[in-house]
Amino acid sequence: MSVFAGEFRKIYDPSYTDTAVYASKNPFYFVGDPVGHIPSHASEILKINGDYYITHCGWGQDGVYIAPLFFDWKVT
């Protein structure tokens, strides 16, 4: 944040809230382009009582958020 005329203003890059999603059979080696994007910063995936959730937070985001996450499990 930056102070300007006695007020706080949010200054951040819009790509700050972009998380690239990659697919790989090896969790330690990813190649190629992302298979998707999630409009979230510092995403964490949680599994609670069999349900999945994703988090979002960061500077200028006005809090910490959690939302349900659903998967379309198509095997290619």
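Me: What pattern does the protein follow, read along the sequence?
Reply: Keep in mind that this is a predicted model. The protein has seven strands and zero helices. Read from one end of the sequence to the other, that gives the pattern β-β-β-β-β-β-β.

Me: How much of the protein's 76 residues do buried residues make up?
Reply: To count as buried, a residue needs a relative accessible area under 20%. Of the 76 residues in the protein, the buried share is 11%.

Me: Is Thr-55 buried or exposed?
Reply: Thr-55 sits in strand S6, which covers residues 51-56. The cut-off for buried is under 20% relative accessible area. Thr-55 has 14%, so the call is buried.

Me: And Ser-40, where is that one?
Reply: Ser-40 counts as buried too, because its relative accessibility is 4%. Strand S4 spans 36-38 and strand S5 spans 45-48, and Ser-40 is in the loop between S4 and S5.

Me: Which atom of Thr-55 lies 2.9 Å from a polar atom of the Ser-40 side chain?
Reply: Leaving out neighbours within four places in sequence, Ser-40 is in contact with Thr-17, Asp-18, Thr-19, Thr-55 and His-56. For Thr-55, the atom at 2.9 Å from the polar side-chain atom of Ser-40 is the backbone oxygen.

Me: What does the side chain of Thr-55 reach at 3.0 Å?
Reply: Not counting residues up to four places away in sequence, Thr-55 touches several residues, including His-41, Glu-44, Leu-46 and Tyr-65. With Glu-44, the Thr-55 side chain makes a 3.0 Å approach, and the atom reached is the backbone nitrogen of Glu-44.

Notes
Residues numbered from 1 in each chain as written. Predicted model: local features only at pLDDT ≥ 70, side-chain atom pairs only at ≥ 80, totals over all residues. Heavy atoms only, no water. Helix = DSSP H or I, 4+ residues; strand = E, 2+ residues; numbered from the N terminus. Buried < 20%, exposed > 50% of the residue type's maximum accessible area, 1.4 Å probe, protein only. Polar contact = N/O pair within 3.5 Å; in protein donor to acceptor, adjacent residues only side chain to side chain. Contact = heavy atoms within 4.5 Å.
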